[in-house]
Structure formats: structure tokens, C-alpha cells
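Biologist: I am new to this structure and would like a close look at a single part. Please walk me through it in short steps.

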Amino acid sequence: LTIDRPYNFGVGLFGYLQDAQVRNVGVKNGSIQGDSFVGGLVGNSTNSLIENSFSHADVKGYGTIGGLVGGNYDGKIQDSYATGDVTGGAYSSYVGGLVGGNDNAHIKNSYATGNVTGDEIVGGLVGDNNNNATIQRSYTTGDVTGIQNVGGLAGNSYYGSEIKDSY
């Protein structure tokens, strides 16, 4: 799968999901490029479930970029993974190996193995984990490079958010 839409928002195999369920779906390889809300599988997900799914695609963008999902809002990701490299362009933020922004959402039994590069709020698994978001039994193994708020697992985690049994 190759998607090259450098000026578009909501870019991925599925650009935008709301109140949806995605199970047993994967992107075997490829390259996905957009502006914001860019993911290997889903660009932007609201109140949705993503389960037993994966992406092997490399992902590039500028804001809220993830190897599997760009933005995960009020939803769940479980038993899923991403292996591609995630690269944010100049002044990029919310960049994660699995998810760029995890807001009031939950990630469980998932992982990312690709390298992650961005400017601000960059994490090996999740760039931004906030607003009562949780990460549980998940891990990352790729190299993480950034300038500000950079973490091996998460770039930011705040406002009642929780990370447990993860590495």
C-alpha cells in the first residue's frame, strides 16, 4: 500500500473511523505519507475498537502520526502492532511508533518495533498519552529520536493517565 498525500489530514488505509470496529486487518508493507492524523492502518479513530491488527508500513507526516494509528480518541487498541518506521517532518509533534495521540483511550497487549523520529512529544510506543488514557502490557523496541518531550515508551503521559506492565 502506498499513499502519498502530503497535504491531507486523516491518512491511512482507513482515513477516519468513528464508532467502528476493525478486527484482523493488516497492512503488509508500504509507505503512507500525509500531513496530520496519519497512521499505517488508521489516520484518526474516535470511539472505535482496533483489535488483532497490524501495519508493516513506514509512516511520515507532521502532526499526530503513528505506526498503526495517528490519533486514538475515546477508543481501544488491543492485541495489535506496528513494525514500520515513523518519521515526523520539520516541527512535527505527537509522533509514536504505535499511536501518535492517545486521548482518553486505551492500549492493551500491543507493541511497536520501528524507529521513531520527530521534534516534540515523541515516544517509541505513544507520542502523547493523556486525559485518563491507559497503556497496559505493551512494549516498544525501536530507536527514538526527538528534541523535546521524548521518551522510549511515551513522550508525554499526564492528566490521570496510566502506564503499567509495559516496557
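Biologist: Let us start with R137. Is R137 buried, partly exposed or exposed, and what is its relative accessible area? Please go on from there to the strands and rings around that part of the chain.

Modeller: Keep in mind that this is a predicted model. R137 is partly exposed, with a relative accessible area of 38%. That value lies between the 20% limit for buried and the 50% limit for exposed. The backbone of R137 deserves a look too. R137 is not a glycine, yet its phi is positive, at about 45 degrees. The residue sits in the loop between β22 (134-136) and β23.

D74 belongs to the loop between β12 (69-73) and β13 (76-78). With 40% relative accessibility, D74 counts as partly exposed.

At the β5 end, β5 and β10 (residues 54-55) form a parallel pair over two bridges. G26 has F54 in β10 as its bridge partner.

F54 leads on to the rings. F54, Y81, Y111, Y139 and Y167 form one aromatic cluster. The count of aromatic pairs comes to six. Take F54 and Y81 as one of them. Their ring centres are 5.4 Å apart and their planes lie at 10 degrees, so the pair is stacked. This pair links distant parts of the chain, with F54 in strand β10 and Y81 in strand β14 (residues 81-82), 27 residues apart. Y81 counts as partly exposed, at 22% relative accessibility. Y139 and Y167 give another stacked pair, because their ring centres are 5.0 Å apart and their planes lie at 5 degrees. Here too, distant parts of the chain are linked: Y139 is in strand β23 and Y167 is in the segment after β27 (162-164), 28 residues apart. Y139 is partly exposed, with a relative accessible area of 24%. Y167 is exposed, at 60%.

S36 has G63 in β11 as its bridge partner.

In soluble globular proteins, nonpolar side chains tend to be buried together. The largest nonpolar core here has 29 residues, and I50, L68 and L98 touch the most other members. β11 (58-66) and β15 (86-96) each supply at least two residues of this core. Look at I50 in detail. Leaving out residues up to four places away in sequence, I50 touches L17, V22, L41, V42, S45, L68, V69, K76, I77, Q78 and S80.

Notes
Residues numbered from 1 in each chain as written. Predicted model: local features only at pLDDT ≥ 70, side-chain atom pairs only at ≥ 80, totals over all residues. Heavy atoms only, no water. Core = buried A, V, L, I, M, F, W, Y, C linked by side-chain atoms within 4.5 Å. Buried < 20%, exposed > 50% of the residue type's maximum accessible area, 1.4 Å probe, protein only. Helix = DSSP H or I, 4+ residues; strand = E, 2+ residues; numbered from the N terminus. Contact = heavy atoms within 4.5 Å. Pairing = 2+ DSSP bridges. Phe/Tyr/Trp six-rings, centres within 6.5 Å; stacked < 30°, edge-to-face > 60°.
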